[in-house]
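Hello,

Here is the structure I promised to pass on to you. Have a look at it first, and then read on for what turned up.

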Amino acid sequence: MIRSLLVISIFAAAALVAGAVLDPRGYIVRVVCLMLLAASLGQCWNIVGGLANQISLGHAAFFGIGAYTTTILQIRYGISPWIGLFLGAAIAGLVGFLISIPTMRLKGSYFALATLAFGEACRIFATAAAGLTGGPQGISVPFVGNSWAMMQFRGAGPYVPILVGLFILISVIFVVLSNGKLGYLLRATRESEDAAEVAGVNTLGVKLAGSTISAALTAVVGTMFVQFNFFIDPDIVFNPTSVSIRAALITIVGGVGILTGPIFGAIAIVTMEEVLSAYLSNQAAGVAPLIFGGLLIAIVLWKPAGLSAISFSRKRALS
Amino acid sequence: MTAFLQALIDGTLVGGVYGIIAVGLSLVFGVLGIVNFAQAEFMMLGMYAAWFAWRYLGLDPLIGAAISFAVGFGIGALAQRFLIQRVMNAPHVSQIFLTVGLLIVLENAALLLFGADFRTVQTPYQTQSLQMGPFFISVPYLAAFCNALVVSVALWLVMARTWIGRAIRATAQNAMAAEIFGVDAKRVYMIAFGLGTGLTAFGGGIILSYSSVSPTSGAQYVVLMFTVVVLGGLGSVLGALIGGIAVGIIQSLSTLVMPIQVQNLALFVIFIALLTFRPQGLLGGASR
């Protein structure tokens, strides 16, 4: 646990130093922000995907709910995103809890399918409910100038401490969950649901708790994303590939079920995204996702252990 | 009432084609025990194959769909042989992410090769419809439905009467027992997967006769396909056809009471509800 907290502080400090030393409007600082967002998103997915081994392909639902809630509140009622993010997290947590009651009973591919369908349902709803969400045209965050109260700034620099805060919050929650009672119960459920039930674990309740926390935190990441990006539409925030699958991919690349997984995954994936878009974005829109897909296939075929924390931790425990 | 019956007619005709698309998925899942998330991308590939056949060979998409089948079969069989076969006994996580990876690769390969534009075909009967009393029957829907029906019968014959059909069914029931009786299970897996993706691609070719294709066409049908399979039960051609028609009718009836943009929302709700009440999976009895 101490070691985990040390790891979090090292990365947080590195990001803070980069934000303080480098040009706050520069490219590198922007990339640091993107990495912090990606690591946070991956860590949220890791709570359900890693600790409970329930492969969600629908985390875009909660990401989008967070992003839309704060932006709509700000446009309609002038409410600061600092307050909006709590409401977004509450709504996403509730939605995550409710949708998990039926879906968390499902295993393996069926759970993945149901969550994929749920994310898509949210995308269609956001596209259709134009009165609430602005529909397919999307909505922009009204720019009021550099303002800590409204959580918006011209350059990327001031976002660094905010996103570091987000990163620390989610990482610490992951560590506490993972080392605490809920983490053990989730892992027990993951290893063998039947055995856990026999031992008196309320497996459905444990998974519901995990997914509610994960959903609420994902919404906070969505809020931070829209404050950083200033524009959203249903295809950006409810996107199955660039949000849901990316969240899973970030975790898988670095290692599922462990704290450092999403951190190294985010560094690797964002670096790759940036390099790719720098060299060939304009002529070919599909190259980066194509490489992602190929990467996913390659990991499955050549490094299947990266997909499951189970065998990894078990081997280490035995040796 | 007229609107209701009209919706019923449209839904049935469109749903027959959904049956063909979904029977491919059902076959893949039934024989290999793998939920192929990339299945809908083969439908998109089939649509492109039919579009190119129309554009450069002048083939009507209902005939060009045969080329779609060949393309779907070829790519599917190769994907099974070199990718899917390697995770046949792997945990679910590997199977999910392998097919999800395949989905992303196929969609973006199409984007790179064909661009993001929507492509459509023009056929002489495209806007025609037959009038029967107060009802209108769209000619392209009817032609597509008949085509789907013929292929369903052909597939049923292949599965019921031919050696390979029996080998596929035997492997689905018990791969080891089938091998003892001289069936090369690996080859059957490859053929069954290719047949499944080929049929889905074929359905894509048919659908092109009254819709358009773009790289994201497949993504719009993922949930629809799975809903059909869940509704119709697994592994049966007739079941897939009935499930397809049911989904077609649900879709077309829902447009009577809901705006067209949320047409698919009804499907998602039904899909999640179905999974909830049958949590053991796509087919109640079969545990594969």
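Let me begin with a question: are A:Glu273 and A:Arg246 buried or exposed? Both of them are buried. Before going further, please keep in mind that this is a predicted model.

Salt bridges

A:Glu273 and A:Arg246 are also partners in a salt bridge, and their closest N and O atoms are 2.7 Å apart. A:Glu273 sits in helix 13 (residues 260-280) of chain A and A:Arg246 in helix 12 (residues 240-254) of chain A, so the pair links distant parts of the chain, 27 residues apart. Over all chains, a search of the whole structure finds five salt bridges.

Another of these joins the side chains of A:Glu120 and A:Arg123, at 2.9 Å from N to O. Here the two partners share an element: both belong to helix 5 (residues 108-128) of chain A, three residues apart, which is about one turn of the helix. A:Glu120 and A:Arg123 are both buried.

With a relative accessible area of 45%, A:Asp235 is partly exposed. Taken together, A:Glu120, A:Arg123 and A:Asp235 are linked in a network of salt bridges.

Next, please look at helix 2 (residues 27-51) and helix 8 (residues 181-191), both of chain A. Their axes come within 9 Å and cross at roughly 45 degrees. Helix 2 of chain A and helix 8 of chain A are therefore oblique to each other. Which residues meet where these helices touch? From helix 2 of chain A come A:Ile47, A:Gly50 and A:Leu51, and from helix 8 of chain A come A:Leu186, A:Arg187 and A:Arg190. Sorted by class, this contact has three nonpolar, one polar and two charged residues.

A buried glutamine in chain A

A:Gln227 is part of helix 10 (residues 203-229) of chain A. Its relative accessibility is 0%, so A:Gln227 counts as buried. Leaving aside residues up to four places away in sequence, A:Gln227 touches A:Gln74, A:Pro81, A:Val141, A:Met150, A:Met151, A:Gln152 and A:Tyr159.

Over to chain B

Helix 4 (residues 92-114) of chain B has 23 residues. From its first C-alpha to its last, this helix reaches 33 Å, close to the 33 Å expected at 1.5 Å a residue. Of the 23 residues of helix 4 of chain B, 17 are buried, so the helix is largely enclosed by the rest of the structure. B:Gly115 follows helix 4 of chain B and has a positive phi, near 80 degrees.

Finally, B:Leu155 is found in helix 5 (residues 139-161) of chain B. B:Leu155 is buried, because its relative accessible area is 7% and the cut-off for buried is under 20%. Apart from residues up to four places away in sequence, B:Leu155 touches B:Val23, B:Leu195, B:Leu199 and B:Val237. B:Leu155 and B:Ser211, in turn, are 56 residues apart in sequence and 25 Å apart in space, C-alpha to C-alpha.

Terms used: Residues are numbered from 1 along each chain as its sequence is written. Chains are lettered from A and ligands numbered from 1 in the order in which they are written. This is a predicted model: local features need pLDDT of at least 70, side-chain atom pairs count only at pLDDT 80 or more; totals for chains, interfaces and linings use all residues. Side-chain values use heavy atoms; hydrogens and water are left out. Helices (H or I, at least four residues) and strands (E, at least two) are DSSP runs, numbered from the N terminus. Buried means under 20% relative accessible area, exposed over 50%, partly exposed in between (1.4 Å probe, protein chains only). Contact means heavy atoms within 4.5 Å. The expected span of a helix is 1.5 Å times one less than its number of residues. Axes are lines fitted to C-alpha atoms, for helices over the stretch in contact, and angles run from 0 to 180 degrees between N-to-C directions. Angles under 35 degrees count as roughly parallel, over 145 as roughly antiparallel, 65 to 115 as roughly perpendicular and the rest as oblique. Ala, Val, Leu, Ile, Met, Phe, Trp, Tyr, Cys and Pro count as nonpolar, Asp, Glu, Lys and Arg as charged, and the others, Gly among them, as polar. A salt bridge is a side-chain nitrogen of Lys or Arg within 4 Å of a carboxyl oxygen of Asp or Glu.
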